[in-house]
Amino acid sequence: MSSISFSAEKATAAPTRVIQPAWVRIVHWINAVAMVLMIMSGWQIYNASPLFNFTFSPMITLGGWLGGGIMWHLAAMWLLVANGLVYLVTGLATGRFRRKLLPITATGVIDDTRAALTGKLSHDDLTKYNNVQKLLYAGIIVVGILIVLSGLSIWKPVQFQYLTALFGGYDFARYVHFAMMALIVAFLVVHVALALLVPKSLRAMIIGR
Amino acid sequence: MISRFRSLIIPGVDKKLLVKDAAKLMPDLSRRRFIASGASLGALTLLTGCDVSDSLSADKMLAQISKFNDAVQAAIFNPNALAPTYSEKDIKRPFPFNGFYSEDEAPEIDGNDWKLEVSGLVQNKKSWTLAELHKLPEVSQITRHICVEGWSAIGSWQGTPLRDFLTLVGADTKAKYVWFRCAEDYTSPLDMPTALHPQTQMTFKFDNKILPRAYGFPMKIRVPTKLGFKNPKYVVSMEVTNDYKGGYWEDMGYNSFSGS
């Protein structure tokens, strides 16, 4: 009895429109795993020759020592890059990027930021991104591309020396790579916090609607 | 002495002490789990609670991917791509000493007694004295030394191209590796395409002065297309071989090709 009423209720209450298509969900969660592996092993590598006056606690690094960190980093990079390419190609080919992320206007970003800070920003329609979301999601794609390219220029400063030169040389490319990591971590903190504040967005990324 | 060196897996950091220190910071239960799971997977093991056998299979998978990465790097290695060169003013002074031991523990070699042993797939297996090697034509390079740890330093090295020496001794350049052994038992294999790269050098001088002890007297192999640990110092023998004989850091898990 109760199960019948439950499914009936679900049928009327649940939106029928798919918010996150299956390919987005699959790519998103693979990326989440790859990203965490890359960041934690990257911190391990950073600790061997820190750029700044701090190191990352061994509690949050991956690999146990420099060699282990490098092994993880250069293994997970394949997952990150392959998955990232699928995302970029599919996002461009299906028109999802254009539809979801454009246009972004300066006034739109300012208005939506103000609305968000005063608690007036609506999350009623999860299929439409506000201007702040558009800016952050488009921005993090650019950051993702830059972290891979700066990483390649650190890994292969002779074979890909023109790329390394583009990032200001080997030593500077390390700072670029670090800065992009910092941006991704900052994005992650906000992204996860907001997903928890608006649980239906998290549900949409798991079951699609 | 050597066994003491081997316990120092992280340069300057004792791995066991490090694990002990980290474990002290943890609550009792997680401390026990952390130690049981080994340090190789670090926080990931801690989060997932996987046991030792899982970490072993992860290590196996990582070793496989590292081998795959060797093949990828060999494929993208361009024998004609030269490492960028720099000018005198870019040279790092003093150039950093680096090793798995401290500077005063570095091998101290008498150049008069020292001989370079040449073996394996070569026609002429004679040993070379330092005086004989110093007579070989000298080339110079100012290139960037990049350490596996991430730091880099520009240095100036003089010596004879390894590929010319390999031709001179009638080496089989179709062989897969040139394998180096050093005075302190450090070893490292170099793939033949890299050994034949025009900038790969048997180095006898740093900054136009005979190599000081810190930089590998009497001979180091300078390979500007590889990470620093693939540039052996205090070299006592080279063997041309088709067998992969491993190396000091390579056996501990550093990627074997480690090309830059």
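User: What pattern does chain A follow along the sequence?

Analyst: This is a predicted model. Read along the sequence, chain A runs α-α-α-α-α-α-α-α-α. That is nine helices and zero strands. The C-alpha trace of chain A spans about 65 × 45 × 35 Å along its principal axes.

User: What share of chain A counts as buried, and what makes a residue buried?

Analyst: The test is a count: a residue is buried if 20 or more other C-beta atoms lie within 10 Å of its own. In chain A, 28% of the 209 residues count as buried.

User: How do you know how far apart in sequence the contacts of chain A reach?

Analyst: Take contacts between residues at least 6 apart in sequence. In chain A, 59% of these join residues at least 24 apart.

User: Why do β2(B) and β6(B) count as edges of the sheet?

Analyst: Start with the order. Five strands of chain B form an open sheet, β2-β1-β10-β5-β6, with mixed pairing. β2 (128-129) and β6 (187-191) of chain B each have a single partner strand, so one side of each is left without a neighbour in the sheet.

User: What makes β1(B) and β2(B) a pair?

Analyst: Pairing needs at least two bridges. Strand β1 (residues 115-120) of chain B and β2(B) are joined over two bridges, in the antiparallel sense. K115(B) stands opposite T129(B) in β2(B).

User: How many bridges link β5(B) and β6(B)?

Analyst: Five bridges, against a threshold of at least two. Therefore β5 (residues 177-182) of chain B and β6(B) count as paired, in the antiparallel sense. Y177(B) has D191(B) as its bridge partner in β6(B). The hairpin of β5(B) and β6(B) has four residues between the strands, and D185(B) there takes a positive phi near 75°.

User: Why is β6(B) called largely enclosed?

Analyst: Four of the five residues of β6(B) are buried, so the rest of the structure largely encloses this strand.

User: Which elements of chain B supply the side that touches chain A?

Analyst: In total, 34 residues of chain B are in contact with 28 residues of chain A. α2 (15-24), α4 (42-48), α5 (52-76) and β3 (139-146) of chain B each supply at least two residues of that side. The largest share, five residues, comes from α5(B).

User: How do the residues on that side of chain B divide?

Analyst: They divide into 20 nonpolar, 11 polar and three charged.

Terms used: Residues numbered from 1 in each chain as written. Chains lettered and ligands numbered in written order. Predicted model: local features only at pLDDT ≥ 70, side-chain atom pairs only at ≥ 80, totals over all residues. Buried ≥ 20, exposed ≤ 12 C-beta atoms within 10 Å, placed from the backbone. Contact = placed C-beta atoms within 7 Å. Nonpolar A, V, L, I, M, F, W, Y, C, P; charged D, E, K, R; others polar.
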